[in-house]
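The sequence and the structure are shown first.

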Amino acid sequence: MTIELNIGRLRGFVTAFAELLEGNPPEAKVLCDGGALLQQLVAVDDWLPDTYALARPERYQQYLLHADSAERFSIVSFVWGPGQATPIHDHTVWGLVGMLRGAEYSQAYKAGADGCLRPDGAAVKLLPGMVEAVSPSVGDIHKVCNAFPDQASVSIHVYGANIGAVRRSVYAEDGSSKPFISGYSNSQLPNIWDLSSELKNT
Ligand code: FE
């Protein structure tokens, strides 16, 4: 039996998010209302094509699912292989992280008076359906890891820019930083615009 993907769910999210950003609302509104939209998207796991949920043993994957034509936002599926983790990093723009499959830990970091980065509170464990926000105004430096040593996890991220092309930084605990541009793991995007199967059913 073929299980039909509900890619329309992603298309609806793209449309709703673009609508939310019309008129350039304040970041707090984007994080609040956009977080609610993302929560709806990750509440059901029936829309992400398998190609964008593939883990690789070398490192975690970042698959671009959609980039807004004005680069106001981008949507990325992050796929964590067993035990995989990011370095400590920043974003420089707002970001929303919604857990789709498995679980991940996000540990926030803060610079002390000596310039060293230290964990800021306990790590947050994200479970399917949960959403977390990052940004320079609410806390932008963190490290993320798969909560599972033996299975892949997938989270869906939305950022206030074409995130794969943003100049940002990775950090060591002594506070030293290195510039990085993440890029993306894929060269092709999912087709969210073929409406023919839906039109045939109406
Ligand atoms: Fe991050």
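## Overall form

The model is a predicted one. Its secondary structure comprises 3 helices and 12 strands. The chain has 202 residues and a radius of gyration of 17 Å, which agrees with the value near 17 Å that a compact globule of this length would have. Along the principal axes, the C-alpha atoms fill a box of roughly 65 × 45 × 30 Å.

## Surface and charge

Of the 202 residues, 45% are buried. The accessible surface of the chain amounts to about 10,300 Å², and carbon and sulfur atoms account for 54% of that area.

The chain carries 15 positive and 22 negative side chains. The centres of these two sets are 3 Å apart.

## Helix α1

Helix α1 has 14 residues. From its first C-alpha to its last it reaches 20 Å, close to the 20 Å expected at 1.5 Å a residue. Its buried residues are Gly8, Leu10, Arg11, Phe13, Val14, Phe17, Ala18, Leu20 and Leu21. The elements that cover these buried residues include α2, β1, β2, β4, β10 and α3 (196-200).

Just after α1, Gly23 takes a positive phi of about 80°.

## Helix α2

Helix α2 covers residues 27-42, a run of 16 residues. At 1.5 Å a residue this helix should span 22 Å, and its end C-alpha atoms lie 21 Å apart, which agrees.

The buried residues in α2 are Val30, Leu31, Gly34, Gly35, Leu37, Leu38, Leu41 and Val42. An α-helix has 3.6 residues a turn, so residues three or four places apart point the same way. The buried residues of α2 pack against α1 (8-21), β4 (95-101), β8 (131-134) and β10 (153-159).

## Loop residues with positive phi

Most residues other than glycine have a negative phi. Asn24, in the loop between α1 and α2, has a positive phi near 50°. Asn24 counts as exposed because its relative accessibility is 68%, above the 50% cut-off.

Glu71 is also a residue other than glycine with a positive phi, near 55°. Glu71 lies in the loop between β1 (61-67) and β2 (74-80). With a relative accessibility of 44%, Glu71 counts as partly exposed.

## Two further loop positions

Asp114 is placed in the loop between β5 (104-111) and β6 (117-119). Its relative accessible area is 49%, and Asp114 is therefore partly exposed, a class that lies between the cut-offs of 20% and 50%. Asp114 and Ser69 are 45 residues apart in sequence, and their C-alpha atoms are 42 Å apart in space.

Ala122 belongs to the loop between β6 and β7 (124-126). At 68% relative accessibility, Ala122 counts as exposed. Ala122 and Gln107 are 15 residues apart along the chain, and 6.8 Å separates their C-alpha atoms.

How values were computed
Residues are numbered from 1 along each chain as its sequence is written. This is a predicted model: local features need pLDDT of at least 70, side-chain atom pairs count only at pLDDT 80 or more; totals for chains, interfaces and linings use all residues. Side-chain values use heavy atoms; hydrogens and water are left out. Helices (H or I, at least four residues) and strands (E, at least two) are DSSP runs, numbered from the N terminus. The radius of gyration is taken over C-alpha atoms; the globule rule is 2.2 Å times the number of residues to the power 0.38. Buried means under 20% relative accessible area, exposed over 50%, partly exposed in between (1.4 Å probe, protein chains only). Accessible areas come from the Shrake-Rupley method with a 1.4 Å probe; for residues, only the protein chains shown count as cover. Lys and Arg count as positive and Asp and Glu as negative; His and the chain ends are not counted. The place of a charge is taken as NZ of Lys, CZ of Arg, CG of Asp or CD of Glu. The expected span of a helix is 1.5 Å times one less than its number of residues. Contact means heavy atoms within 4.5 Å.
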